[in-house]
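Please look over the sequence and structure below before reading the briefing.

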Amino acid sequence: MDVAGAAGAAEERWASLCNCVVNFLLEERYHLTALELLQELQEDGRHAQTLRLRSFFSDPALFPPDQVARASSAPAGADPQNLLEEKIAAEEKLALTDYDLRLAKEDLSCLKTELQKRQESSPDNTNGSPSDAFTHEEFNQQDKREVKVSALGPLKDNERKDLNCAVKEYLLLAGYRLAAMTLIEEVPDQDLDVWTNSSACVPDALRRYYYQYLSSTTEAAEEKISILRENEALRKDSKRLCAEKDSLMKIRESANNQVATLRKSLETAHMDIKDKEKSFQDLKQSLDVHRKELNDCRAEITSLKMHIEGTQSSKEMSVRDSDGLTSQFIANSMGEAAALINEHQNLKGTESGTTKLASAASLTGDTREDNKNTESSIEGSPGSEAPVSWSTAEHRGYDTSGEDESGTNTSLEDISVNGNLHGDGNSQGNSGSISVYVSEDKVHTEKVESPSKKKTSDKMALETIKIVSDALPKIVPYVLINHREELLPLIICAIERHPDSDVRDSLTHTLFNLIKRPDGQQRRIIMDACVELAKSVGEMRTETELLPQCWEQINHQYEERRLLVAQSCGELAVYVRPEIRDSLILSIVQQLVEDSATVVREAATHNLALLLPLFPNMDKYYKVEELLFQLVCDTSRVVVDVALRELVPAVVRWGGKLDQILRVLLSHILASVQRCPPISGVEGTIESHLRVLGEQERWNIEVLLRMLAELLPFVHQKAIQTCPSTDAPTSSTAENFVSESSIKLYATGDTEWSAFEWMHTECLPDLIKLACLLPAKEDSLRTAITKYLLAVSGHYGKDYLEHIMLPVFLVAAGDVDSGDFTYFPLSIQSKVRGLRPKTSIAEKLAIICVLPLLLSGILGSPSSRQQLEEYLRKLLIQNTKDGSFSMCHTTEIIDAVRFLCIFEQHHGVIFNILWEMVVSPDTDLKINAAALLKALVPYVGVKVASTHILPALITLGSDQNLAVKYASIDALGTVAQHFKNDMVVDKIHIQMDAFLEDGSHEATVSVIRALAVAVPHSTDKLREYLLTKIIKLTSASPSGNDIERRRERANVFCEALRALDATDLPATSVRDLLLPSIQNLLKDLDALDPAHKEALEVIARERSGGALESIGKAMGAHLGIASSVSSFFGESGLLGKKEGAEQLDPAPPQPSLQTQQENTRFGRMMRGGFGDMLRGKAKGSEEPS
């Protein structure tokens, strides 16, 4: 008993010491070390000490399940092998738990015995019930556990170092080496292997600390009571786990049985379906054959009727041997008619016996009347004679087989028994006819004449068909193109009735190639003819005769013929079997999608949209989806428009897989930009996160964003249909269907609304990722995203915009404090908060990329005008007070406002805040206002510039602060660059004169530089103004000896003159202003850069013609140096044409006016880089000397 008690006490001390280590690791946020300790405790079977660690790491608020699932590399599914391994592991775990439970029971009994002894030895403790004591101790223990390390005050550095070393020493002594290694990695600022000498540095320090704590407290028994209760809880957990294990095993067995049953039933169903499909195809083929035979019988009966009508006209002819001929005629006629009736009745199969008897009776009566009429006609004309020819030709075409002789005789005998061949009665006005029933719906009376006449007529009709068929290919080329459509009835009739399949193929080829390059109307006529032919010949012949023509012309050299094939795919698909539609016809469309002609791809897209509803099943869905994205990303805008307008809705309605399309679409959008290279390869910079988009990638992203906008109504409709609220709105109120009450119901998390939350959990975060990869210059793509966000707010309503979309973008932009998350479920809040930028680089990136979308796409909604104004005022004016954004992000904020100014409806709000900044006493705000005005100039018109921007800049230009004044100068130069209005230019002149009157070096340099930038796009008036100011400023002698200022001034003047030289200046301005300014600059050679000097000399030479050398020599004599121009262009200069030649006259002939006119603007623009080239040559020539 003493040994067991000692073991229990040691175990208690070990557990207490372990709890201390766990508390320390969690308080100091050494999570990796705690995780390793948890693993090693579980491996040692000490599950009682892992309860707190397991509850900590299973907390979904700290470790979201979706992130843990993504971080896990284990597969989602579980096969039987994995289940078996899990079962073995569970059994091992259960055995360990049973062992721990047995030890805990033994410890419990020992502790109970010891407690009883202590109670007997101390009578003072007998007052009160044991349960009260335990309850009191439990509360004390609970209070003690709730006391954290922070209650003792924050840990000092030396305390933390000592505790770290003590914990590391304990982990090593306890055998938890992995946890010790992880702790060393998590404490990078301390070498745990070296413990500095101090009072806390003792062997086995953690245990000594623990013993010291126990010896200094009077409540050491509380720890034992907590251990007892933990053992009880462990025992209950063990029982619960066993029960859960048994239930899970039973559930697994039942699930396996159900799966096996379902597999067997599924296999049986598949076999039944295959059998039914096979029988269905057999029945369908049989029905087609019977229908064809029925059509042939109808055609023969129609020809018999024609023969009878022809016979009536010849009854007045005299016929010799009337008795014999009449008998033979009647017998043959009745025999043929009876044979046809039998064949027709056999084909129909569904006619009643009454109909057959009626037909036979009618046949007998009509034959009897025909016999009487024939006899009367013979008796009435004894003197007339007419030869009668009998045709014994066999019937051909339409697969009609003749009756054999036995069948004919039998039918003749049957009819002869039922009626007299020579009946009595008056036959005037009556004609011999045989009535038969040939329709499935009603009875038609047909007149049948002599079979010999019928055969003759059939032979003649067949011969006619053959003659027409042979002649058509020869006739078509000689018919005018505009009249060839008149041949279509003949071609269709010949194809329909000709018995030879080769001839029919030839005629079908003629039909498709009726016109070499048909236009739209002609293709429509040919297509209508093909549709009529397909209706007449049926599915089988359409598949075997018409579709092969389509396949043959897929690669035709003329796009009009390929276009005809594309049109036929959608219109002929109705007249073929369903299994042909998603095989052969889809293959044709797939090949046409790859066509090089835009009109062919457009037609293929349109007809694919028509073809989808005719598909019998969804087997080809993924192939169609691939074609959809291929056509949406087509290089032609026309094809893309058709794909977005027709094909996208067709695929969504046919496939019903909106979630699949959206998932693939978002992945394509992100992949298109992620495959582009970064702007910079330097890690840790903004440019390393932004991508350089190529033309193809930019186009793909643009059209995919358009596709996302086209799918928005379907997403919105699905959200309506799956709304869990009982008062879900109808389509008439769909614009604002997401009310605040619906969002509150969603925020409770009690109902699942995946179609609704897809927008703010998948779509919007992916669009934010896309925006964070786009450089600032990609305004077109950012505008497309903005339009999509505005469309979302328009569909989902104001409440969704304010409570869902606005918090998402506020967090993504780094403004976490302004976001309200009360309308998000707890499971979604962590995902949304994860969009917050976590580093300074990420924060700057969010302001560059996300803030423009927040301003224009979220706050830019028509219903959020007031919020937009308040937020802009906060960004631009109050940001230094509330600290939302640091002043170091001013440039990025100004660029975001610049993007907002692309949308004209926001100009009023922006300029209201700008005026507040202009009149503010804060210098920084005024400088920011000037920079913002400069950025907004390209996005406003002349009216806005003259009424808002210029007055603001003039106000800033009159400010006493020089930084504000110089900032306004740059903005005025931008205004001069974009507007040529005379009133605007005059105002700029006046303001620039005011700046120049200041006389300061900085003002002069800023004015000249600002106007030089505007020179290529400004008016002649502004250029002349700039030349006037330059010649005035260069004429004055340089004041002061500061060589750096003189050089800066000379460089600015040279750049302005070179910019002016690249424009079309009047000859007077060149003579009176440009050339004198160049001469003035060349006087101060010390301040002039060599490259600028050479460029100015070239400009002066070309602009002045041949008078420059004399000017240069005179200027050289004045300065006491050799003429730089003559030495440069002379005999020994760089541009000398002949070496050793005599020096020419210093005054060459004046070039003609035509030569001066040839001095084009392009040549002057190329002169900008000519100075550098000349300078390189000059340096190369000076080196040898």
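The structure is a predicted model. Two packed helices are described by the angle between their axes and the distance between the axes. Helix α35 is described here with two partners, α37 and α36.

**Annotated span**
- An unreviewed UniProt entry carries the annotation "coiled-coil region" for residues 273–300.
- In the model, residues 273–300 are 100% helix and 0% strand, and the end C-alpha atoms of the span lie 40 Å apart.

**Helices α35 and α37**
- Helix α35 spans residues 907–918 and helix α37 spans residues 942–957; their axes are 10 Å apart, at an angle of about 15°.
- Angles under 35 degrees count as roughly parallel, and α35 and α37 are therefore roughly parallel to each other.
- The crossing of α35 past α37 is left-handed.
- On the α35 side, the contact involves Phe911, Trp915 and Val918; on the α37 side, the residues include Val944, His948, Ile949 and Pro951.
- The residues of this contact of α35 with α37 comprise eight nonpolar and two polar ones, with no charged residue.

**Helices α35 and α36**
- Helix α36 covers residues 923–936, and its axis comes within 8 Å of the axis of α35, with a crossing angle of roughly 145°.
- This crossing of α35 and α36 is left-handed.
- From α35, the contact uses Ile910, Phe911, Leu914, Met917 and Val918; from α36, the residues include Leu925, Lys926, Asn928 and Ala929.
- The contact of α35 with α36 has ten nonpolar residues, one polar and one charged.

Methods: Residues are numbered from 1 along each chain as its sequence is written. This is a predicted model: local features need pLDDT of at least 70, side-chain atom pairs count only at pLDDT 80 or more; totals for chains, interfaces and linings use all residues. Side-chain values use heavy atoms; hydrogens and water are left out. UniProt positions are given in the numbering used here, feature names are shortened, and annotations may be inferred rather than shown by experiment. Helices (H or I, at least four residues) and strands (E, at least two) are DSSP runs, numbered from the N terminus. Axes are lines fitted to C-alpha atoms, for helices over the stretch in contact, and angles run from 0 to 180 degrees between N-to-C directions. Angles under 35 degrees count as roughly parallel, over 145 as roughly antiparallel, 65 to 115 as roughly perpendicular and the rest as oblique. A crossing is left-handed if the near helix is turned anticlockwise from the far one by less than a right angle, and right-handed if clockwise. Contact means heavy atoms within 4.5 Å. Ala, Val, Leu, Ile, Met, Phe, Trp, Tyr, Cys and Pro count as nonpolar, Asp, Glu, Lys and Arg as charged, and the others, Gly among them, as polar.
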